[in-house]
Amino acid sequence: MTLPDHLPVLVVLLPALTAVALLFIGDGGAELHGGHGQRQLQWSRRVSLASVALFALLAALLVARVADGTLLVYRVGEWPAPFGIALVVDRLGAMMVALTAAVALPVLLYASGGWDGHGRHFHPMFQFQLMGLAGAFVTGDLFNLFVFFEVLLIASYVLMLHGQGRERFKAGLHYVVLNLAASALFLVGVALLYAMTGTLNLADLALRVPQLRGSEAALAQAGGLVLLVVFGFKAAMAPLAVWLPATYAATSAPVAALFAIMTKVGVYALLRVHGLALATSVVGVMGALAARTLPRLVAWLTVASVGTVLVGIGLFDTAAWSAALYYLLNSTLVVAGMFLLGEIVAAQRGDAADHLVPGPAVGQPVLLGLAMLLAAASAAGLPPLPGFIGKLMLLEASAAHPWVGAVWAVVLGAGLLTLVGLARAGSILFWHVREDLPACTMSGASLRLQGATGLLLAMTVAVSVFAGPVQQYTAAAAAQLADRAGYGRAVLGPGADSVRPYRFDPPAAAETTR
């Protein structure tokens with residue numbers, strides 16, 4: 001096998017091995033005593049950044065490898081599917097790995113500006129979360145999807161509490177308890193499907209589930225509905241989204257920015273397993289309008305963006321799926337950028353910090369104001385930015401759907417209210433300046449922080465500049481996702497006929513048959 005053939009497993013192994021190496025290197029902890037702790041942290045930063053840069057390169061190679069429609073199947077230990085563990089990468093999986101890298105690199109660059117020194121083991125946990133994200137996007141097995149979910153969640157528990165603080169601990173406790181409950185439900189859904197089909201390989205499930213009849217079909221549907229609840233919770237789908245705003249608003253900016261990709265794991269799982277939404281967009285924009293702090297506003301916009309993506313999935317049409325994937329790229333990048341931008345703005349507002357109340361003038365009003373304007377325009381869907389293009393694609397895809405009126409009303413209404421909410425926040429932050437308060441004495445954010453934030457926002461513009469090729473890719477990914485038979489042939493082999501090798505009629509039933 002050549003190096004490109006090993007790409008599916010390399011994107012999982014690289015962050016895993018890097019995390020282990022970083023644990024051996026150690027770090028300086030919350031308080032760096034002397035030069036030794038500082039040197040440890042510097043080496044951790046270098047190794048972690050180099051690893052994520054290499055991860056981004058592998059992700060780009062993975063996209064190039066599958067761009068022509070090739071479906072990469074990596075059978076661990078050369079065990080044939082469905083008996084062994086199979087990693088499967090198509091256009092969708094490769095795109096999600098690349099999106100993970102696109103968010104992770106600038107976020108890590110930003111965190112290396114100082115946030116990583118506020119607690120223990122930031123960089124190993126960051127790498128373990130990358131491992132879980134990459135594994136979830138390349139696995140071809142439902143149980144291993146659960147395993148990678150748990151890997152990324154355990155890492156996120158530590159990252160959520162990084163830097164400590166009462167509010168962070170309170171939100172983190174709720175986050176952990178709710179996710180543990182969701183994980184338990186995940187196992188229940190997996191157990192029901194395995195009991196009825198005898199397999200958890202996604203390609204094999206796609207062939208076996210349609211063969212079920214009677215009570216077996218009903219139990220399999222129950223298992224599928226349980227998984228719908230679990231993935232809806234992970235994706236922050238209404239009414240299961242109430243945990244997200246408080247959690248994302250309480251954690252540090254770089255961690256919240258990385259968490260922007262976590263909700264997309266739930267969306268990805270819904271596409272893989274089920275493929276709900278209009279209410280999620282409404283709840284999201286209502287929460288954004290009522291938000292009293294900038295991080296909470298951005299967190300609610302995360303919920304609203306997930307709702308827009310789920311609208312496309314719910315239309316169950318390849319054109320709508322293509323629109324949803326295009327919009328997913330933009331929303332993930334712009335939300336991550338807004339979390340980082342929000343912390344830079346808050347650091348220059350004195351005691352007002354991130355609260356949406358009049359405060360002193362920021363130290364970089366022109367630079368930060370323009371960045372806020374760009375992010376707001378893209379999040380609200382103003383032309384010619386990618387948020388507008390993605391919503392336009394979605395509206396066109398829904399033209400023949402019976403719910404076209406509701407889709408248009410919610411998508412356009414959510415965009416308008418998003419614009420109102422962000423305009424309100426921007427006017428308070430940059431125009432309603434209190435002259436009686438001392439102006440910011442900071443010279444401005446460091447070039448590292450500005451560059452990391454600018455890189456994320458620049459990538460959103462690139463999605464618009466290269467809208468044609470990106471849209472062609474998402475359209476091809478949606479078409480490939482709909483080809484369940486082709487997926488099954490690639491994973492199980494040509495001429496695969498899924499049967500039940502482990503289940504036999506009980507003796508009494510066999511006697512009756514004779």
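Tutor: A salt bridge is a side-chain nitrogen of Lys or Arg within 4 Å of a carboxyl oxygen of Asp or Glu, and we shall look for such pairs in this predicted model.

Student: How many salt bridges does a search of the whole structure find?

Tutor: Side chains of opposite charge can pair when their charged atoms come close. In this structure the search finds 3 salt bridges, one of them between Asp-5 and Arg-65, whose closest N and O atoms are 3.3 Å apart. This pair links distant parts of the chain, since Asp-5 lies in the segment before helix H1 while Arg-65 belongs to helix H2, 60 residues apart.

Student: Are helices H13 and H17 roughly parallel or roughly antiparallel to each other?

Tutor: Angles over 145 degrees count as roughly antiparallel. The axes of H13, residues 294-314, and H17, residues 404-430, cross at roughly 165° and come within 11 Å, and the two helices are therefore roughly antiparallel. The crossing in which H13 passes H17 is left-handed.

Student: Which residues meet where H13 and H17 are in contact?

Tutor: From H13 come Leu-294, Leu-297, Leu-301 and Val-311, and they meet residues of H17 including Val-407, Leu-422 and Leu-429. Sorted by class, this contact has 8 nonpolar residues, 2 polar ones and no charged ones.

Student: Where is the pLDDT below 50?

Tutor: Where pLDDT is low, the predicted coordinates should not be read in detail. The chain has a mean pLDDT of 83, with 89% of its residues reaching 70 or more, but over residues 501-507 the value is below 50, and that stretch has 6 contacts beyond near neighbours in sequence. Residues 509-514 also stay under 50, and for them the model has 0 contacts beyond four places in sequence.

Conventions:
Residues are numbered from 1 along each chain as its sequence is written. This is a predicted model: local features need pLDDT of at least 70, side-chain atom pairs count only at pLDDT 80 or more; totals for chains, interfaces and linings use all residues. Side-chain values use heavy atoms; hydrogens and water are left out. pLDDT is the predictor's confidence in each residue, from 0 to 100. Contact means heavy atoms within 4.5 Å. Axes are lines fitted to C-alpha atoms, for helices over the stretch in contact, and angles run from 0 to 180 degrees between N-to-C directions. Helices (H or I, at least four residues) and strands (E, at least two) are DSSP runs, numbered from the N terminus. Angles under 35 degrees count as roughly parallel, over 145 as roughly antiparallel, 65 to 115 as roughly perpendicular and the rest as oblique. A crossing is left-handed if the near helix is turned anticlockwise from the far one by less than a right angle, and right-handed if clockwise. Ala, Val, Leu, Ile, Met, Phe, Trp, Tyr, Cys and Pro count as nonpolar, Asp, Glu, Lys and Arg as charged, and the others, Gly among them, as polar.
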